[in-house]
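Please keep the sequence and the structure in view while reading.

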Amino acid sequence: MVDVIEIPKGARDQVLVFALDMPAEQARFLREEDGALAQVLGLAELDMEQAEIFPVEDLEGLGLLGYLREGLGVPEADLSEHGMALDGITGWVLVLRARAFDGAETRLTPADSLTLVARLGESRTDWSAGTSLHSDAAQPKLRVAPREARNRARRIGSTLFAIVMGLLLALVLFLLLR
């Protein structure tokens with residue numbers, strides 16, 4: 001029987017880590033061939049920008065746990081819960097973010113060569129402010145509505161124009177009649 005992995009609708013903060021039990025050539029094929037990984041996961045399509053297939057040995061110095069923590073922002077609590085299993089992975093690994101399913105409810109039926117090692121949460125950035133800021137200086141202080149201010153400026157400009165033109169006309173007439 002095939003294990004089914006349910007991804008709920010709207011899930012974007014999960015990271016699935018699979019151990020790949022296959023030759024390196026087959027793992028490279030999954031990484032490079034369009035649609036191959038989707039087929040192995042039992043899907044019609046998959047956003048490959050959200051899937052990474054690589055040998056764990058490529059992460060020398062950092063390790064898989066360090067990559068998940070530093071590179072993907074997986075919370076320390078999730079890593080400590082699955083740390084032993086993740087440390088035990090050798091060979092090739094598939095790191096799949098739930099964003100690959102574009103928020104749709106998804107059912108994965110991975111092939112036997114893919115073993116789900118851990119289902120982790122990706123920590124989200126909290127963009128909300130802790131407290132709301134209230135300041136009198138931040139409140140708008142429009143004494144006059146913008147439309148009324150424009151009309152007043154036009155009237156003042158028209159009046160000044162009329163006065164200047166009247167003075168110029170009077171000066172011209174004075175000089176001509178003199």
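In what order do the 4 strands of the open sheet lie, and with what pairing? The order is E3-E4-E2-E6, and the pairing is antiparallel. This is a predicted model, in which local features need pLDDT of at least 70 and side-chain atom pairs count only at pLDDT 80 or more, whereas totals for chains, interfaces and linings use all residues. Residues are numbered from 1 along each chain as its sequence is written, and side-chain values use heavy atoms, with hydrogens and water left out.

**The sheet**

Helices (H or I, at least four residues) and strands (E, at least two) are DSSP runs numbered from the N terminus, and two strands pair if DSSP finds at least two bridges between them. The edges of the sheet are formed by strand E3 (51-55) and strand E6 (114-121), each of which pairs on one side only. Neighbouring strands are turned against each other by 20 degrees on average, direction ignored; the axes behind such angles are lines fitted to C-alpha atoms, for helices over the stretch in contact, and the angles run from 0 to 180 degrees between N-to-C directions.

Strand E2 (residues 14-20) pairs with E6 in the antiparallel sense over 7 bridges, and 6 bridges join E2 to E4, again with the two strands running antiparallel. The table lists some of the facing residues.

| Residue | Residue opposite | Strand of the residue opposite |
|---|---|---|
| Val-15 | Arg-97 | E4 |
| Val-17 | Ala-118 | E6 |

How many of the 7 residues of E2 are buried? The count is 7 of 7, where buried means under 20% relative accessible area, exposed over 50%, and partly exposed in between (1.4 Å probe, protein chains only). In a regular strand the side chains alternate between the two faces of the sheet. In E2 both faces are covered, with Gln-14, Leu-16, Phe-18 and Leu-20 buried on one side and Val-15, Val-17 and Ala-19 buried on the other. Gln-14, which lies in strand E2, has a relative accessible area of 16% and is therefore classed as buried. The side chain of Gln-14 makes a polar contact with the side chain of Arg-119 at 3.0 Å; a polar contact is a pair of N or O atoms within 3.5 Å, and within protein one must be able to donate a hydrogen and the other to accept it, while residues adjacent in sequence count only if both atoms are side-chain atoms.

**Helices H3 and H4**

The buried residues of H4 are Asp-78, Leu-79, His-82, Gly-83 and Leu-86, and they pack against E2, helix H3 (63-72) and E6, contact being taken as heavy atoms within 4.5 Å. Asp-87 also lies in helix H4, but Asp-87 is exposed, with a relative accessible area of 55%. Asp-87 and Leu-64 are 23 residues apart in sequence and 7.1 Å apart in space, C-alpha to C-alpha.

In H3, the buried residues are Leu-64, Leu-65, Gly-66, Tyr-67, Leu-68 and Leu-72, and they pack against E2, E3, H4, E4 and E6. After H3 comes Gly-73, with a positive phi near 70 degrees.

**The nonpolar cores**

A nonpolar core is a set of buried Ala, Val, Leu, Ile, Met, Phe, Trp, Tyr and Cys residues joined through side-chain atoms within 4.5 Å. The largest such core has 26 residues, and those with the most contacts inside it are Phe-18, Leu-41, Leu-46, Leu-94, Leu-96, Phe-101 and Leu-108. At least two residues of this core are supplied by each of strand E1 (5-7), E2, helix H1 (24-32), helix H2 (36-40), E3 and strand E4 (92-97). H2 gives the largest share of this core, 4 residues. Apart from this core lies another, of 19 residues, among them Val-17, Leu-59, Tyr-67 and Leu-68.

Leaving aside residues up to four places away in sequence, Phe-101 touches Ile-7, Leu-43, Leu-46, Leu-96, Thr-106 and Leu-108.

**An exposed loop residue**

Asp-102 has its place in the loop between E4 and strand E5 (106-108). Is Asp-102 buried or exposed? Asp-102 is exposed, because its relative accessible area is 64%. The C-alpha atoms of Asp-102 and Lys-9 are separated by 9.0 Å, although these residues are 93 residues apart along the chain.
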